[in-house]
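Here is a short report on one protein model. Read it with the structure open beside you.

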Amino acid sequence: MTFSQPPEIPGGLARLESRVRQDLAWLDLPTRSWVPERSVDGRHVLDVVVIGGGMAGLTASGYLRRYGLLNHVVLDQAPAGQEGPWVTYARMTTLRSPKTLSGPCMGLPCLTFRAWYEARFGAVAWDGLDKIPRQTWMAYLEWLRDVLDLPVRNGVTLTNVAREADGVLALTVVQDGAARTLLCRHLVLATGRDGLGGSYVPPVIAGLPRDYWRHSADPIDFEALKNRRVVVVGAGASAMDNAATALEAGAARVDMVIRRDTLPAVNKFTGIGSMGVVQGFVGLPDAWKWRFMDTVLDAQTPPPRPSVLRVSSHPNAFFHLSCPIDRLEMADNAVRLHTPRGEMETDFIIAATGFCSDLSRRPELAAIAPHIRLWKDRFTPAAQDMPSGHVSAELAASPDLGPGFEFLEKVPGSCPWLKYVHCFCFPATLSHGKVSGDIPAISDGAERLARHIARALFVEDRETHYASLVAFETPELRGDEWHDTPLPAIG
């Protein structure tokens with residue numbers, strides 16, 4: 001679906017960018033670099049490498065700069081302008097979040113989406129805007145990267161993480177087909193919803209020939225689905241977006257196959273959204289963290305009403321509730337579905353079945369994956385007398401993280417350098433709350449991350465900083481500011 005853009009205000013962005021520079025200057029940002037330079041065998045050591053140049057990676061980079069950690073880079077395997085989901089596999093018309101959220105502005109009003117939008121299109125256009133078109137959001141993120149001069153390098157893929165004998169991390173990265181090694185002290189994985197795994201595809205679908213199905217996060221040639229029958233498996237926002245896109249591309253019919261007997265209607269976490277949750281969730285006892293997240297996952301997140309209406313407005317869209325797939329088989333050039341409600345045939349299946357945390361699917365993390373402690377390694381809901389009658393596999397597979405999003409060891413002492421690798425992506429939710437992937441609290445999460453890394457670097461370099469303290473001899477006084485005089489005589 002296309003969207004129209006209001007006319008731009010001449011010179012509007014230039015004036016906002018001048019304001020950004022002024023505000024940063026008034027705040028004396030970014031703070032000067034203070035981490036001692038380090039090299040190994042003549043090779044430069046970066047203080048931090050951030051993997052992922054999407055919203056989370058950009059916000060993390062902005063806060064690293066704010067705290068004087070200027071010696072860092074952000075790497076993304078996508079071309080510039082295609083980081084994250086917004087113009088790749090995201091197929092909604094608009095964002096679901098309210099337009100008024102501050103998002104990745106890092107506490108500066110001049111960096112909010114509203115400031116950018118009003119500068120570009122005017123206050124009247126802002127007042128008339130309902131939800132943010134996803135392409136417009138991507139344009140805003142690109143502007144944020146440029147106006148803050150964030151050190152993003154595109155077309156770079158991380159393929160391995162290792163530990164050098166002298167204590168730094170050695171990252172193997174590939175760019176333009178050539179592999180090289182980057183050395184760094186901290187690694188941040190800002191890799192999105194599938195950051196520690198990948199797309200989840202039910203085995204019953206994965207067993208089909210690949211020409212007959214795609215996951216909703218895959219590239220899909222929707223034009224090729226014109227006049228064809230399409231089945232979408234799932235009932236979440238992504239399912240609705242993909243179904244609507246297929247319908248709008250001219251699919252003959254789209255059948256939505258849904259396990260549940262009704263669509264979820266209440267977004268639990270939105271209902272309790274507050275600064276209390278943002279700042280307080282990380283401080284909850286483990287049993288309460290699990291209880292909150294288990295309740296949210298059990299209720300599921302409903303698809304937005306406009307997304308459902310986008311599908312149901314088509315007469316050739318059909319919803320099949322209480323309809324799990326028992327088995328699939330090929331029937332000539334079609335796929336036959338067997339369900340408790342009967343059989344049907346389709347030409348193509350879109351699995352809108354979400355993502356999973358599965359470290360075995362991330363070859364770049366192979367060296368550290370066996371050592372990463374997951375929640376299931378130390379927490380058993382049954383032992384905590386949880387009210388839910390089941391154990392969530394998704395929660396159980398979540399990484400158990402420290403206060404700075406750092407991985408922890410499954411066996412103490414087995415991989416001490418795990419603490420230098422930080423999980424700033426969706427799987428961090430059980431440990432830290434929704435601060436590492438969604439728009440509302442991304443700045444709060446990124447600041448928490450940057451503060452921790454800054455503290456860790458200072459503590460580790462304390463001897464160097466102390467030596468600098470001892471060696472510091474720049475005088476404040478020159479000795480000519482006063483004269484020593486004798487004490488006054490008594491009597």
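## A partly exposed phenylalanine

F292 has a relative accessible area of 31%, so it counts as partly exposed. That class lies between under 20% for buried and over 50% for exposed. The model is a predicted one.

F292 sits in helix α10, which spans residues 286–299. Together with I272 and W288, F292 makes a nonpolar surface patch. The patch covers about 260 Å². Patch members need over 30% relative accessible area, and F292 has 31%.

## Overall build

The protein contains 15 helices and 18 strands. Along the principal axes, its C-alpha atoms fill a box of roughly 115 × 60 × 55 Å.

How much of the protein is buried? Of its 491 residues, 48% count as buried. Among contacts with a separation of 6 or more, 73% are between residues 24 or more positions apart.

## Surface and charge

The protein exposes about 24,000 Å². Carbon and sulfur atoms supply 53% of that area.

Charged side chains number 50 positive and 55 negative. How far apart do the centres of the two sets lie? They lie 4 Å apart.

## A cis peptide bond

L29 and P30 are joined by a cis peptide bond. Its omega is about -5°. P30 belongs to the loop between α1 (12–26) and β1 (39–40).

## Two positive phi angles

Which loop holds M106? M106 is in the loop between β3 (72–76) and α3 (113–121). M106 is not a glycine, yet its phi is positive, at about 60°. Is M106 buried or exposed? Its relative accessibility is 2%, so M106 counts as buried. The cut-off for buried is under 20%.

S322 also has a positive phi without being a glycine. Here phi is about 50°. S322 lies in the loop between β12 (317–320) and β13 (327–331). With a relative accessible area of 34%, S322 is partly exposed.

## Places to look

Next, go to the loop between α1 and β1 for P30 and view its cis bond to L29.

Terms used
Residues numbered from 1 in each chain as written. Predicted model: local features only at pLDDT ≥ 70, side-chain atom pairs only at ≥ 80, totals over all residues. Heavy atoms only, no water. Helix = DSSP H or I, 4+ residues; strand = E, 2+ residues; numbered from the N terminus. Buried < 20%, exposed > 50% of the residue type's maximum accessible area, 1.4 Å probe, protein only. Contact = heavy atoms within 4.5 Å. Areas by Shrake-Rupley, 256 points an atom, 1.4 Å probe, with all protein chains shown as cover. Lys, Arg positive; Asp, Glu negative; His and termini not counted. Charge placed at Lys NZ, Arg CZ, Asp CG, Glu CD. Patch = residues over 30% accessible without salt bridge, like charges linked within 9 Å, V, L, I, M, F, W, Y side chains within 5 Å. Salt bridge = Lys/Arg side-chain N within 4 Å of Asp/Glu carboxyl O.
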